[in-house]
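Q: I have a structure open and have not looked at it before. Can you walk me through it?

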Amino acid sequence: VIVHGAEGRVDALNLEDGRALWQRDLAADFESPSGFFGRACSPLIVGERVILTPGGQAQGRPVGVVALEAGTGATLWQGVEDEAGYASPVALPGGEILCWMRNGLWRVALEDGAVRASRDLRSAMDASVNAAQPVLWGDDRVLVTAAYGVGLHALQLKTLIEDWEEEGLMDCHYSTPVRKGDLLFGFHGRQETGQVLRCVNLPTRQVVWESERVPGGTVLVAGEDVVVVTEQGELWVVPVAAESFTPRLRVQILRSGHRSYPAYADGVLYARDDRRVVAVRLR
């Protein structure tokens, strides 16, 4: 298990007993800046490589993206001249990864970090964040979304050239939307003014339905259901095929005021607030 904390420390732990295997301090090794919210990307493990986006430098060379050896934590390569954002890297077909950094998108080779394509994409506001992970759409397109006037962009995966973009359709402030077929589910809007859970038909670019306004939340797809944990601590389960916002389950499972992502495995949803962890069996 490999964990990246907000202070820039990376820990590798043995899954069976929690024994520490190795540790790296990206803040010290790569001068990784903390940003406003701390360091936020999740480690991406592909084969024997662990991909992270510290957004720093080492010995005068940029370390926007770094690959560590999974077994030892040693640096395999570093590159990409950009600052860290808050989105996590995404694995692509053909031995590549896609990283949405502070200033733009970077498609790089998993083997050595060579840049295959890039494009600028960010808000002009200094206080803006790129936080939602890119979402693959079929074999040849990727969806990228942010608030602060960025909107939803559909890009060609190979070139990162834009197919279309639209503001006000699915502008995700923090949490990553999820796709099921040609439907996109996510929280639209700024957290400060409230967000709505939306279902968007991608080919038509139409809103199928939306929820009432809440502070925000996180979204997963489990089978044929959309599973949501709101910042108010409610669990919503909405059928993917629903034609309106009609949760078949809606229950309080946590205290209010948290943004941590839940995890789902073998029919059980694991979620936490700042005091406890809960495990909920979804039937």
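**Side chains, strands and core**

A: The charged end of Arg 141 sits over the ring of Trp 137, 3.7 Å from its centre. A charge sits over a ring if NZ of Lys or CZ of Arg is within 6 Å of the ring centre and within 35 degrees of the ring normal.

Q: What kind of model is this, and how are the residues numbered?
A: This is a predicted model, in which local features need pLDDT of at least 70 and side-chain atom pairs count only at pLDDT 80 or more, while totals for chains, interfaces and linings use all residues. Residues are numbered from 1 along each chain as its sequence is written, and side-chain values use heavy atoms, with hydrogens and water left out.

Q: OK, salt bridges. How many does the structure hold?
A: The structure holds 15 salt bridges. The term means a side-chain nitrogen of Lys or Arg within 4 Å of a carboxyl oxygen of Asp or Glu.

Q: Which residue does Arg 49 form a salt bridge with?
A: Its partner is Glu 111, and the closest N and O atoms are 3.6 Å apart. The pair links distant parts of the chain, 62 residues apart: Arg 49 is in strand E5 (residues 49–52), and Glu 111 is in the loop between strand E12 (104–109) and strand E13 (115–120). Strands (E, at least two residues) and helices (H or I, at least four) are DSSP runs, numbered from the N terminus.

Q: Is Arg 49 buried or exposed?
A: Arg 49 is buried, with a relative accessible area of 19%. Glu 111 is exposed, at 56%. Buried means under 20% relative accessible area, exposed over 50%, and partly exposed in between (1.4 Å probe, protein chains only).

Q: What about Glu 210 and Arg 198, where are they?
A: Glu 210 is in strand E21 (residues 206–210) and Arg 198 in strand E20 (residues 196–201), twelve residues apart. Their side chains meet in a salt bridge, at 2.8 Å from N to O. Glu 210 counts as partly exposed at 38% relative accessibility, while Arg 198 is buried at 12%.

Q: And which strands hold Arg 250 and Glu 234?
A: Arg 250 is in strand E25 (residues 249–252) and Glu 234 is in strand E24 (residues 234–239), 16 residues apart. Their side chains form a salt bridge too, with 3.2 Å from N to O. Arg 250 is partly exposed, with a relative accessible area of 39%, and Glu 234 is buried, with 18%.

Q: Switching to strands. How do E1 and E2 pair?
A: Strand E1 (residues 2–4) and strand E2 (residues 9–13) pair in the antiparallel sense over three bridges. Two strands pair if DSSP finds at least two bridges between them. Ile 2 has Ala 12 in E2 as its bridge partner. The hairpin of E1 and E2 has four residues between the strands, and Gly 8 there takes a positive phi near 95°.

Q: What comes with E3?
A: Strand E3 (residues 20–25) pairs with E2 in the antiparallel sense over five bridges. Leu 13 stands opposite Ala 20 in E3. In the hairpin of E2 and E3, with six residues between the strands, Gly 18 takes a positive phi near 80°.

Q: Now the inside. How many residues are in the largest nonpolar core?
A: That core has 16 residues, and those with the most contacts inside it are Phe 185, Leu 197, Trp 209 and Val 219. E19 gives the most to this core, with three residues. A nonpolar core is a set of buried Ala, Val, Leu, Ile, Met, Phe, Trp, Tyr and Cys residues joined through side-chain atoms within 4.5 Å.

Q: What does Trp 209 touch?
A: Not counting residues up to four places away in sequence, Trp 209 touches several residues, including Phe 185, Leu 197, Arg 198 and Phe 245. Contact means heavy atoms within 4.5 Å. Trp 209 is buried, with a relative accessible area of 5%.

Q: Which residues share an aromatic cluster with it?
A: Phe 185, Trp 209, Trp 236 and Phe 245 form one aromatic cluster. Rings of Phe, Tyr and Trp (its six-membered ring) pair if their centres lie within 6.5 Å; planes under 30 degrees apart count as stacked, over 60 as edge-to-face and the rest as tilted.
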